[in-house]
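Here's a quick briefing to read alongside the model. Take a look at the structure first, then work through the points below.

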Amino acid sequence: MHGQLIDMVVADVRQLTPRIREYLLASADGSPLPRGAPGAHVELHTHSDHSGPIVRHYSLVGGLGLADDRADHYRIAVQREDRQRGSAHIHDTFAPGTRLKVSRPKNNFPLDLRDRRSLLIAGGIGITPIYAMLRSLARRGRPFELVYAGRMQAQLAYAAEAMELAGAAGRLHISGDPATEHLDLAALLAAQSDDTAVYVCGPLPMIEAVHGAARTLGWPDARVRSERFTAGPAPDDAPFAVELRRTGRTVEVGRDTSILDALTASGIDVLSDCRRGECGLCPLPVLEGGERISHRDSYLSDEERAGGDTLCICVSRVPGGTLVLDA
Ligand code: FES
């Protein structure tokens with residue numbers, strides 16, 4: 001995995017909103033890049049003197065083989081989160097010429113072009129994969145509807161471009177604007193035809209509300225596809241070490257990095273899929289330090305968490321010291 005990282009350089013930076021910047025990333029040697037599909041993301045690997053290695057995941061806005069995409073560039077948008085030191089580091093230090101490493105695109109949120117109709121719902125920075133889907137659907141002339149929600153229009157990245165692309169099929173919901181009607185997700189889903197699939201990306205409450213509305217309507221789970229962003233590190237997260245007892249390796253895990261990303265960056269192959277503590281593919285057995293784990297997954301049972309014998313290495317961590325894994 002580590003060997004598959006691509007050397008890249010920041011080619012351009014564009015301020016989209018007060019807190020969101022777009023970064024145009026070019027392959028360092030000018031060679032064409034592996035293309036992503038709508039919904040895909042890349043892992044961005046960089047380093048901070050303060051926090052150590054940083055790995056962050058960002059949806060591809062460009063680099064999808066669409067009309068205005070360049071074959072040797074990826075386009076991502078990064079929202080500065082005060083609690084997420086990785087995004088602050090990127091905002092503070094990335095400028096044209098900054099070198100970094102980026103993974104090949106991965107896709108846990110694919111757009112299925114066999115859908116007869118698509119309802120795209122974005123909340124805030126959740127627009128990034130949705131905008132890629134919108135560009136793809138609009139280019140293909142496929143039927144869709146776009147709902148883009150946020151607190152203030154000035155905080156919504158790509159709002160003008162998205163509304164122009166969507167035309168009459170797009171609308172903004174600004175919760176801080178009394179002139180905007182309330183976003184009634186249940187009514188929105190109830191108004192859809194039977195052949196409409198829903199794609200939603202945004203904050204967890206929005207995603208849960210869409211899934212809940214779909215369940216109330218008796219929709220099959222597969223009709224709603226979602227992607228949420230992980231909460232990222234907590235303010236008091238600290239670096240720690242992971243010892244892989246059977247492998248005989250010890251790896252440092254920075255305060256802004258998951259165990260999974262630290263192992264991967266060290267060239268150690270481990271299974272993973274969702275990277276959000278949901279799928280259950282990454283848990284590893286714990287030999288020592290299990291009583292100190294901060295479990296942040298939604299996969300393990302309460303009993304498994306209390307036992308401290310296993311943890312999801314994509315999201316869970318310990319508050320310092322060394323965690324010993326049976327791996
Ligand atoms: S990768 Fe899915 S739970 Fe960790």
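The domain bounds used here come from an automatic or database domain assignment. This is a predicted model, and its protein is split into domain 1 (2-102), domain 2 (117-228) and domain 3 (240-325).

**Where domain 1 meets domain 2**

- On the domain 1 side, 21 residues are in contact, and they face 16 residues of domain 2.
- How much area do domain 1 and domain 2 bury between them? It comes to about 1,400 Å², with 58% of it on carbon and sulfur atoms.
- As background, the accessible area lost when parts come together is often used to give the size of an interface.

- The rule picks up 1 salt bridge between domain 1 and domain 2.
- Arg135 and Asp69 also join their side chains in a salt bridge, at 3.2 Å from N to O.
- For polar contacts across the interface of domain 1 and domain 2, the count is 3 residue pairs, with both residues at pLDDT 80 or more.

**What domain 1 brings to the contact**

- Strands β2 (20-27) and β5 (73-79) each put at least two residues into the side of domain 1 that touches domain 2.
- Which element gives the largest share of that side? That's β5, with 3 residues.
- Sorted by type, the residues on the side of domain 1 that touches domain 2 come out as 10 nonpolar, 6 polar and 5 charged.

**An open sheet**

- There's an open sheet of 5 strands, running in the order β13-β12-β16-β14-β15, and its pairing is mixed.
- At the edges sit β13 (249-253) and β15 (310-311), each of which pairs on one side only.
- In general, backbone hydrogen bonds pair the strands of a sheet, in either a parallel or an antiparallel way.
- Strand β14 (residues 284-288) pairs with strand β16 (residues 322-325) in the antiparallel sense, over 2 bridges.
- If you want to find that pairing on screen, look for Val286, whose bridge partner in β16 is Leu325.

**Salt bridges in the whole structure**

- Overall, the structure holds 17 salt bridges.
- One to look up is between the side chains of Arg171 and Glu145, at 2.9 Å from N to O.
- Why does this pair tie together separate parts of the sequence? Arg171 is in strand β9 (residues 170-174) while Glu145 is in strand β8 (residues 144-150), so the pair links parts that are 26 residues apart in sequence.

Notes: Residues numbered from 1 in each chain as written. Predicted model: local features only at pLDDT ≥ 70, side-chain atom pairs only at ≥ 80, totals over all residues. Heavy atoms only, no water. Contact = heavy atoms within 4.5 Å. Buried area = accessible area lost by both parts, 1.4 Å probe. Salt bridge = Lys/Arg side-chain N within 4 Å of Asp/Glu carboxyl O. Polar contact = N/O pair within 3.5 Å; in protein donor to acceptor, adjacent residues only side chain to side chain. Helix = DSSP H or I, 4+ residues; strand = E, 2+ residues; numbered from the N terminus. Nonpolar A, V, L, I, M, F, W, Y, C, P; charged D, E, K, R; others polar. Pairing = 2+ DSSP bridges.
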